[in-house]
Amino acid sequence: MISERSLYIGLIPPEQRTPTPVALLKLARRDMVESGSLAYGLRYLSSPDAIALNPEHLPLRRAPFEFPERRLRDGGALPLGLRDALPDAWGRMVLESESGRPLEDVEVLLKTNSDRVGALVFSPELHFQQE
């Protein structure tokens with residue numbers, strides 16, 4: 001069975017409070033293997049203020065990035081630049097304790113928007129809500 005998740009990525013520019021939609025991340029899981037893709041939004045790419053999520057590995061471009069299959073125990077398909085937005089082991093343990101079950105990375109990213117230190121925010125919809 002294959003399960004698919006989509007996650008919109010937003011960036012809160014300096015001196016602003018409202019996130020700017022940046023990209024759409026799609027992850028597909030088959031058993032214990034995950035693959036995915038990331039595509040920058042065309043409106044974001046046309047902005048003179050657009051910056052890459054990771055200049056070396058995810059430079060600005062119109063074509064989507066395809067992430068090859070990786071086992072979940074090896075980190076799955078979530079790019080390292082986005083994986084860095086996850087809480088540390090203790091923070092994850094607290095979130096999983098509150099939820100009463102293990103959480104997928106996408107779920108953790110969605111639960112930490114209000115406590116995030118960086119400029120990235122995540123949403124299952126194109127509309128970003130700050131908790």
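Why is strand β3 largely enclosed by the rest of the structure? Good morning, colleagues. I shall take that question as my starting point, and I note at the outset that we are looking at a predicted model. Strand β3 covers residues 33–40, and six of its eight residues are buried, so the rest of the structure largely encloses the strand.

Let me turn to its neighbours. On one side is strand β2, residues 20–30, which runs antiparallel to β3 and is joined to it by eight bridges. Within this pairing, Lys26 has Ser37 of β3 as its bridge partner. The two strands form a hairpin, with two residues between them. In that turn, Asp31 has a positive phi of about 55 degrees.

β3 also pairs with strand β4, residues 65–71, again in antiparallel fashion, here through five bridges. Two positions illustrate this pairing: Gly36 stands opposite Phe67 of β4, and Leu38 stands opposite Phe65 of β4.

I come next to the aromatic side chains. Which residues do ring pairs link into a cluster? They are Tyr40, Tyr44 and Phe65. The count of aromatic pairs comes to two. In one of them, the ring centres of Tyr40 and Tyr44 are 6.3 Å apart and the planes meet at 15 degrees; planes under 30 degrees apart count as stacked, and therefore this pair is stacked. Tyr40 and Tyr44 are both buried. Tyr40 also pairs with Phe65, edge-to-face, with 6.3 Å from centre to centre and 75 degrees between the planes. Because Tyr40 belongs to β3 and Phe65 to β4, this pair ties together parts that are 25 residues apart in sequence. Phe65, like Tyr40, is buried.

Finally, let us consider the surface. Is Trp90 buried or exposed? Its relative accessibility is 59%, and residues over 50% count as exposed, so Trp90 is exposed. This residue is found in helix α3, residues 89–99. Together with Met93 and Val94, Trp90 forms a nonpolar surface patch, and the three residues have about 330 Å² of accessible area together.

Thank you for your attention.

Definitions and conventions: Residues are numbered from 1 along each chain as its sequence is written. This is a predicted model: local features need pLDDT of at least 70, side-chain atom pairs count only at pLDDT 80 or more; totals for chains, interfaces and linings use all residues. Side-chain values use heavy atoms; hydrogens and water are left out. Buried means under 20% relative accessible area, exposed over 50%, partly exposed in between (1.4 Å probe, protein chains only). Helices (H or I, at least four residues) and strands (E, at least two) are DSSP runs, numbered from the N terminus. Two strands pair if DSSP finds at least two bridges between them. Patches are made of residues with over 30% relative accessible area and no salt bridge: like charges are joined within 9 Å, nonpolar side chains (Val, Leu, Ile, Met, Phe, Trp, Tyr) within 5 Å. Accessible areas come from the Shrake-Rupley method with a 1.4 Å probe; for residues, only the protein chains shown count as cover. A salt bridge is a side-chain nitrogen of Lys or Arg within 4 Å of a carboxyl oxygen of Asp or Glu. Rings of Phe, Tyr and Trp (its six-membered ring) pair if their centres lie within 6.5 Å; planes under 30 degrees apart count as stacked, over 60 as edge-to-face and the rest as tilted.
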